[in-house]
Amino acid sequence: EVVMLRRLTERHKCHALQLLTGSSDSYGALYGLPHQDGLRSELGWPSKESIIQCEEMRYYPSVFILKAGQVVHINKGRLHAFRKLAPSKL
């Protein structure tokens with residue numbers, strides 16, 4: 001599953017991260033080490049409500065699921081998040 005936002009200004013990136021994660025430390029989430037696979041993260045997966053808030057702010061979030069063998073190109077500067085899904089029904 002992938003969540004991806006359009007290209008945003010620095011200020012809007014921080015605001016979008018606050019909406020999506022509920023964390024006040026959006027700078028740390030942006031510039032920390034978010035690519036540490038396997039480590040416990042304090043940041044949760046975005047809720048439906050947070051996605052709706054991003055839509056209302058015109059951050060235009062895309063939420064989609066990649067099937068086996070599919071790939072996605074992420075342009076420079078776009079906020080994105082991936083998570084592995086269990087084989088159970090969504």
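I looked up the second largest pocket and found about 180 Å³ of space in it. A pocket here is an open set of points on a 1 Å grid over the protein atoms alone, where a 1.4 Å probe fits, with protein on both sides within 12 Å along at least five of seven lines. The volume is the space filled by probe spheres set on the points, which are joined across faces, edges and corners. I counted 11 lining residues, each with an atom within 4 Å of a point. E1, W45, P46, K48 and V63 lie nearest the centre. The lining divides into seven nonpolar, one polar and three charged residues. Ala, Val, Leu, Ile, Met, Phe, Trp, Tyr, Cys and Pro count as nonpolar, Asp, Glu, Lys and Arg as charged, and the others, Gly among them, as polar.

**Basis.** The model is predicted: local features need pLDDT of at least 70, side-chain atom pairs count only at pLDDT 80 or more, and totals for chains, interfaces and linings use all residues. Residues are numbered from 1 along each chain as its sequence is written, and side-chain values use heavy atoms, with hydrogens and water left out.

**Sheet.** Which order do the strands take? I read β2-β1-β3, an open sheet with antiparallel pairing. Strands are DSSP runs (E, at least two residues), as helices are (H or I, at least four), numbered from the N terminus. Pairing takes at least two DSSP bridges. The edges are β2 (62-64) and β3 (78-82). Strand β1 (residues 2-7) has three bridges to β2 and four to β3. I then checked M4: it stands opposite S62 in β2, and its bridge partner in β3 is H80.

**Helices.** I took α1 (residues 10-21) and α3 (residues 48-56) next: they pack at about 155 degrees, axes 8 Å apart. Axes are lines fitted to C-alpha atoms over the stretch in contact, and angles run from 0 to 180 degrees between N-to-C directions. So α1 is roughly antiparallel to α3 (over 145 degrees). A16, L19 and L20 of α1 meet S50, I51, Q53 and C54 of α3, contact meaning heavy atoms within 4.5 Å. These contact residues divide into five nonpolar, two polar and no charged.

How values were computed. Angles under 35 degrees count as roughly parallel, over 145 as roughly antiparallel, 65 to 115 as roughly perpendicular and the rest as oblique.
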